[in-house]
Amino acid sequence: MSEKMNEIRQAFSEKLRNALNAQALEEIRIEYLGKKGAVTGLMKTMKDLSNEEKKSFGQQVNVLKNEITEAIAKKVEQIKQKELEIEINSMPEFDVSAPPVLERGSYHPITLVQRECERIFSSMGFNIEDYSEIVTDYECFEAVNIPKHHPARDMQDTYYLTNGQLLKSHTSAAQNAIYRKYRKALVEEGKPIKAIFPGRCFRNEATDACHENTFFQMEGVMVDRNISISNLIFFMKTMLSEVFQKDIKVRLRPGFFPFVEPGFELDISCLICGGEGCPSCKQSGWLELCPCGMIHPEVLRAGGIDPEEYTGFAFGLGMTRLAMMKYGIKDIRDLNSGNLKSLSQFTAE
């Protein structure tokens, strides 16, 4: 038996030396360690041995098997290293003095609109805040007057994580944190809370020309003594006139949102069809742009602010739809398509 093993060792060593690539190594592995391989065949000869001989012989076979396995693994690494060296040596020499050949990139249209809105609101004294895309149920719903089992949750079906958190369905999820952050300055120093907080939102809904499961909003709030709806209308008209650089036809109609009372829908005349009706505006001639209203007393109270002393307004500006109106994008799905041919045509003004 020992002679047979030595023969196998010698034959294996010779073939291993001549193996030049991974395919050849795999063929050798199968030849010696496969189901019908030479080493496997040795095990079948044990049936005619005594128990004591089987033990000794089995140990010798295992030693041979391990030797072959380790030798193949070592050869694999050697071949990989050699192939890598060949690849590196075959690469063309890089000339650091050569001019770049990459095309100039461009900003996404939503980025352009967001920066423009941030500039406008910043000029009016608003702070720019950021907030997480993963929030708790309390932040997204309960803190903005949407308790468990409230029917308003049906309109904001979102994506839940295994730890109980969720992807925020609206930028209103940051309201509670903003109120608590600036509450001291409001109460002790008399500084109004003025903040905007843009962000990406998620909803589990069917997509069409004007709906997506991922979109961008910009939440805005202002809290102080004697804030009224007229303050809200002023800031929104100022923002729209700056963004579009012209007068925009708007309408304010009643709307229900649990975190504002009274609540409104601010619509703008569809700039894609000129108000005549198209798929982007659902043939209505109007596009819902900005749910807004006076902050509900319960929302202020949850943020540590006394609604008997302070009032405020809040709005949720649809950044995605604003970009569609500004640049004449007919289908909201184009914005998340990753199609560089479509998206690269936009430039900052």
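# Reading a predicted fold

Mentor: The term is used when a side-chain nitrogen of Lys or Arg is within 4 Å of a carboxyl oxygen of Asp or Glu. The model is a predicted one, in which local features need pLDDT of at least 70 and side-chain atom pairs count only at pLDDT 80 or more, while totals for chains, interfaces and linings use all residues. Residues are numbered from 1 along each chain as its sequence is written, and side-chain values use heavy atoms, with hydrogens and water left out.

Trainee: How many salt bridges does the count come to by this rule?

Mentor: The count is 16. One of them joins the side chains of Glu129 and Lys181, at 3.0 Å from N to O. Glu129 lies in the loop between β1 and β2 (134–135) and Lys181 in helix α7, so the pair ties together parts that are 52 residues apart in sequence. Helices (H or I, at least four residues) and strands (E, at least two) are DSSP runs, numbered from the N terminus.

Trainee: Is Glu129 buried or exposed?

Mentor: Buried means under 20% relative accessible area, exposed means over 50%, and partly exposed is in between (1.4 Å probe, protein chains only). Glu129 has a relative accessible area of 13%, so it is buried. Lys191, at 49%, is partly exposed.

Trainee: Which residue forms a salt bridge with Asp267?

Mentor: Arg253 does, and the closest N and O atoms of the two are 2.5 Å apart. This pair links distant parts of the chain, with Asp267 in strand β7 and Arg253 in strand β6, 14 residues apart. Asp267 is buried, with a relative accessible area of 1%, whereas Arg253 counts as partly exposed at 29%. Salt bridges can also share partners, and in this way Glu116, Arg119 and Glu242 are joined into one network.

Trainee: What order do the strands take in the open sheet?

Mentor: The general idea is that strands of a sheet pair through backbone hydrogen bonds, either parallel or antiparallel. Two strands are counted as paired if DSSP finds at least two bridges between them. Here 7 strands form an open sheet with mixed pairing, in the order β1-β4-β5-β9-β8-β7-β6. At the edges stand β1 (127–128) and β6 (250–254), each with a single partner strand, so one side of each has no neighbour in the sheet.

Trainee: How many bridges does β6 make with β7?

Mentor: There are 5, and β6 pairs with β7 (residues 260–269) in the antiparallel sense. Pro254 stands opposite Phe264 in β7. Next along, β7 and β8 run antiparallel and are joined by 8 bridges, with Gly263 opposite Gly293 in β8. β8 and β9 also run antiparallel, over 3 bridges, and Cys292 has Phe315 in β9 as its bridge partner. β8 is mostly covered, with 9 of its 10 residues buried.

Trainee: Which strands does helix α10 lie across?

Mentor: Helix α10 (residues 319–327) lies across β5, β7, β8 and β9, and runs at about 55° to β9. Such angles run from 0 to 180 degrees between N-to-C directions, with axes taken as lines fitted to C-alpha atoms, for helices over the stretch in contact. In α10, 7 of the 9 residues are buried, among them Met319, Arg321 and Leu322. The residue that follows α10 is Gly328, with a positive phi near 70°.

Trainee: Which residues touch the most other members of the largest nonpolar core?

Mentor: A nonpolar core is a set of buried Ala, Val, Leu, Ile, Met, Phe, Trp, Tyr and Cys residues joined through side-chain atoms within 4.5 Å. The largest has 42 residues, and Cys117, Phe313, Phe315, Leu317 and Leu322 touch the most other members. Two or more residues each come from α5, β5, α8, β7, β8, β9 and α10, and α8 gives the most, with 7 residues. Apart from this core lies another, of 27 residues, including Leu166 and Ala174.

Trainee: Where is Ala174 found, and with which residues is it in contact?

Mentor: Ala174 is in the loop between β3 (166–167) and α7, and is buried at 2% relative accessible area. Contact means heavy atoms within 4.5 Å. Leaving aside neighbours within four places in sequence, Ala174 is in contact with Tyr131 and Phe197.
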